[in-house]
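Please look over the structure below before reading on. The report then walks through its fold, its surface and its charged pairs.

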Amino acid sequence: PDAYAEIRKNVQDVMVESLPVIEEAADEFRKMFGRGSPGLMEPYRMDDAELVILSMGSALGTIKDVVDEHREKGEKIGVLKLRCYRPFPVEQLRKTLAGIGKVAILEKDISLGYEGALYTDLKSALYKMENGPDIVGFIAGLGGRDITKKTIDELIDRARSGKEGTVWLDVAEEIAYLGGAL
């Protein structure tokens, strides 16, 4: 207990210092095996994107499929896969999202009593950023619920609506609770 604060500070320092090491290891893996993406993030169709969907994990395949469909219609939508959540790549995100009009974050978690954790962290990372994007958070897929193409289409429509804050997708309006409705 006497050294707890010092140990936690050391862990924090090492985590922050690991950012370039993670990028180097990912690049080495890509060179060695011919697959994977170097770095902490994986951009997809972001060259001229006005709206970027930022997410992590299993929903990315569906998101990319839907974005491809929207791109075929001429819509400027891109995807940013966050490959490393901790340490949080603040400077890399600021650089990648500079000049983007809007970022829609899709996450499969909720920090109860507030909002999605990634949404909170991204808002903090981009705070007071010149030319920073508008940000809206979306919660879907909790409890293993499928995130479908319809879910992503709804996310895109609602992201364009100008709403900010947290939006829940694919949630029934009435939920049975101890025999009654909430």
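The text below goes from the overall layout to single residues.

## Ground rules

This is a predicted model: local features need pLDDT of at least 70, side-chain atom pairs count only at pLDDT 80 or more, and totals for chains, interfaces and linings use all residues. Residues are numbered from 1 along each chain as its sequence is written, and side-chain values use heavy atoms, with hydrogens and water left out.

## Overall layout

The protein has six helices and eight strands. Both kinds of element are DSSP runs numbered from the N terminus: helices are H or I with at least four residues, strands are E with at least two. Read from the N terminus, the order is α-α-β-β-α-β-α-β-α-β-α-β-β-β.

The C-alpha atoms fill a box of roughly 50 × 50 × 35 Å along the principal axes. The protein has 182 residues, and 38% of them are buried. Buried means under 20% relative accessible area, exposed means over 50%, and partly exposed lies in between (1.4 Å probe, protein chains only).

The accessible surface comes to about 10,900 Å². Carbon and sulfur atoms hold 51% of that surface. Such areas come from the Shrake-Rupley method with a 1.4 Å probe; for residues, only the protein chains shown count as cover.

Contacts here mean heavy atoms within 4.5 Å. Of the contacts with a separation of 6 or more, 72% are between residues 24 or more positions apart.

## The sheet

Six strands form an open sheet with mixed pairing, in the order β1-β3-β2-β4-β5-β6. Its edge strands are β1 (41-44) and β6 (165-168), each pairing on one side only. From one strand to the next, the twist averages 25°. Two strands pair if DSSP finds at least two bridges between them.

Strands β2 (residues 51-55) and β3 (residues 77-82) run parallel and are joined by five bridges. Within this pair, Leu51 has Ile77 of β3 as its bridge partner. Strands β4 and β5 also run parallel, with six bridges between them. There, Glu107 stands opposite Ile139 in β5.

Helix α3 (residues 60-72) lies across β1, β2, β3 and β4 (102-107). It runs at about 165° to β3. Axes are lines fitted to C-alpha atoms, for helices over the stretch in contact, and angles run from 0 to 180 degrees between N-to-C directions.

## Salt bridges

How many salt bridges does the structure hold? There are 13. A salt bridge is a side-chain nitrogen of Lys or Arg within 4 Å of a carboxyl oxygen of Asp or Glu. The table gives three of them.

| Pair | Closest N to O |
|---|---|
| Lys31 and Asp27 | 3.2 Å |
| Lys149 and Glu69 | 2.8 Å |

Lys31 and Asp27 both sit in helix α2 (residues 19-33), four residues apart, about one turn of the helix. Lys31 is exposed at 61% relative accessible area. Asp27 is partly exposed at 21%. Asp27, Arg30 and Lys31 are linked in a network of salt bridges.

Lys64 is buried, with a relative accessible area of 18%.

The salt bridge between Lys149 and Glu69 ties together parts that are 80 residues apart in sequence, because Lys149 lies in helix α6 (residues 149-160) and Glu69 in helix α3. Lys149 is partly exposed at 39% relative accessible area. Glu69 is partly exposed too, at 32%.

## Backbone points

A cis peptide bond joins Arg86 and Pro87, with omega about 0°. Pro87 lies in the loop between β3 and α4 (90-97).

Arg45 is not a glycine, yet has a positive phi of about 55°. Arg45 sits in the loop between β1 and β2 and is partly exposed at 39%.

Lys128 is not a glycine either, and its phi is positive at about 60°. Lys128 lies in the loop between α5 (117-125) and β5. Lys128 is exposed, at 69% relative accessibility.

## A nonpolar patch

Ile7, Val11 and Met15 form a nonpolar surface patch, with about 230 Å² of accessible area together. Patches are made of residues with over 30% relative accessible area and no salt bridge; like charges are joined within 9 Å, nonpolar side chains (Val, Leu, Ile, Met, Phe, Trp, Tyr) within 5 Å. Val11 lies in helix α1 (residues 4-17). Val11 is partly exposed, at 38% relative accessibility.
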